[in-house]
Amino acid sequence: MQRVLIVGGGSGATMLANMLARRCVETLVLSKSASHMFQPALLYVAFKNASPRIVRDERRLLDRRVRFIREPVTRIDLTARTVATAAGSWYDYDALVVATGVTTDPDQIPGLRALNDRYGNYHTSVAWAQKVWAALDAFRGGTIVLGQASPVIKCPPSPVEGILLTDELLRRRGLRDRARLVFISPYPRAYPAEPMNAVVEPILRARGIEIFPFFDVDRIDAGTRTIYSIEGEELQYDLPIIIPPFVGADIAYDPADVLDANRFVVTDKETLRIKGFDNAFAIGDATNLPTSKAGVGAHLEAKVVAETLSGRPARFNGRTHCAVDLGYGEGTFVIGSYTAPVLKYPPSRLSHAMKMMMAHMYWLSLRGWLEPAFDWYFARTDPDKRREAEAPREQARPAA
Amino acid sequence: MPDAVTGRTIVDSCGSSCPGPITDLALAYRRAKVGDVIELWATDPGVKADVQAWAAKTRNEVESIEDQPGKIVTVIRILRR
């Protein structure tokens, strides 16, 4: 029987390990941490002072048949089929799955680490998200600049969610008229995918938020409180909430060329095999797949790899399905695939309620208990089917 | 990295629609020098307008935008960085 080694301990690794355990596949999970965080909740720690109890013990989330070892992996030799850890141990495998996620890298941008140290960010840890809340809680007026520092981001909707929840907080506190809210984006518009921007941008404008597109952060001068963009603009801030760039895990690979410039693993976008290796896969944020870095990708990619390792080769279709909090109890979804560009999905209270529900369902979903419900839901919201259904109507519509 | 033969940096964004090809172009621009030529491959039709807007904003030059079989190829010359 083949032995599967999963490197990582996030949602993709956990879901896959549990799927394989149910298929009676011998599975070992190697992770640098035994703490598992529900990452989307950092948004609410930062902007709503939510309870920071969003971390659980990874060992309790895994099926009992899965072996879990807490050791940071330092080297993966894909040719020799071995994985080395910081503890000096070596593990071999028949099939490998890399699910090591991403990490924030503020040092890519001069001045950003000091800024994050002081004001926090909401993509790293509970402690850093609490720094954002502390800064917002103390805010009494001035300019808040919020956005992502570089085009590489985990959870593309999260900057828009951050600025809209900031607006909501300040309005509730009666401080909105004393605040200038500035949203920066390295993209041509507030939200990168145009159909979703058509939903989001009018809301930002209606709430009086200034949008600076094509603002890709080059450097920050804390002395003059100025953020400079690569495109040649500058902005002054009183409170900066800047999402740092993201890079892949600090693990050496042999061969080294399976990593791209951001340390993302070069992965076949459909089979999820690591470039050049039949028995090695990558899932979730760790990959260089041309799709959003989000939990839904890790979930669906875990299913593809579980099927493939069970002898039923499957393919990933690039499905995204990200809930977006638009503030004031409204939400929407970013839904697309490799073949169906992102859809325009109108805001609703139901979408927001579903996002809130996911926070409770997450822990159950890791165990795989909700798979039938997810299968039904993802089929019902399939963007390719919707695109096909809408295409004839579009053609039939008379010209204006 | 620029290709040793053509001197061009190929950026393959085929299949990417969210965040989209402009992400890959912006990343390549971070690493580019004045005089570099970036060839961006994409399937998202929105790339045409986005690259034009990006070039206008950053004051770089779009040399060509071509519909080729299975992809849209945009050639950008870096004039400022």
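**Helices, rings and charges**

Visitor: Is α6(A) mostly covered or mostly open?
Guide: Mostly covered: 13 of the 15 residues in α6(A) are buried, where buried means under 20% relative accessible area, exposed over 50% and partly exposed in between, with a 1.4 Å probe and protein chains only. Helices here are DSSP runs of H or I of at least four residues, and strands are E runs of at least two, numbered from the N terminus.

Visitor: Before we go on, what sort of model is this?
Guide: It is a predicted model, where local features need pLDDT of at least 70, side-chain atom pairs count only at pLDDT 80 or more, and totals for chains, interfaces and linings use all residues. Residues are numbered from 1 along each chain as its sequence is written, chains are lettered from A and ligands numbered from 1 in the order in which they are written, and side-chain values use heavy atoms, with hydrogens and water left out.

Visitor: Thanks! What is the reach of α6(A)?
Guide: Helix α6 of chain A, residues 158-172, reaches 21 Å from its first C-alpha to its last, close to the expected 21 Å. The expected span is 1.5 Å times one less than the number of residues. Just after α6(A), Gly174(A) has a positive phi of about 70°.

Visitor: And which residues are buried in α5(A)?
Guide: Val126(A), Trp128(A), Ala129(A), Val132(A), Trp133(A), Ala135(A) and Leu136(A).

Visitor: New topic: how many aromatic pairs are there over all chains?
Guide: There are 9, counting rings of Phe, Tyr and Trp (its six-membered ring) with centres within 6.5 Å; planes under 30 degrees apart are stacked, over 60 edge-to-face and the rest tilted. In one pair, the ring centres of Phe38(A) and Tyr362(A) are 4.7 Å apart and the planes are at 45°, so that pair is tilted.

Visitor: Where do Phe38(A) and Tyr362(A) lie?
Guide: Phe38(A) is in the loop between β3 and α2 of chain A and Tyr362(A) is in helix α9 of chain A, so the pair ties together parts 324 residues apart in sequence. Both Phe38(A) and Tyr362(A) are buried. Together with Trp363(A), they form one aromatic cluster.

Visitor: What about Phe316(A) and Tyr338(A)?
Guide: They make an edge-to-face pair, 5.8 Å centre to centre with 80° between the planes.

Visitor: Last one: which charge sits over Tyr29(B)?
Guide: The charged end of Arg81(B), 5.3 Å from the ring centre. The rule wants NZ of Lys or CZ of Arg within 6 Å of the ring centre and within 35 degrees of the ring normal. Lys71(B) also lies over a ring face, that of Trp41(B), at 3.8 Å from the ring centre.
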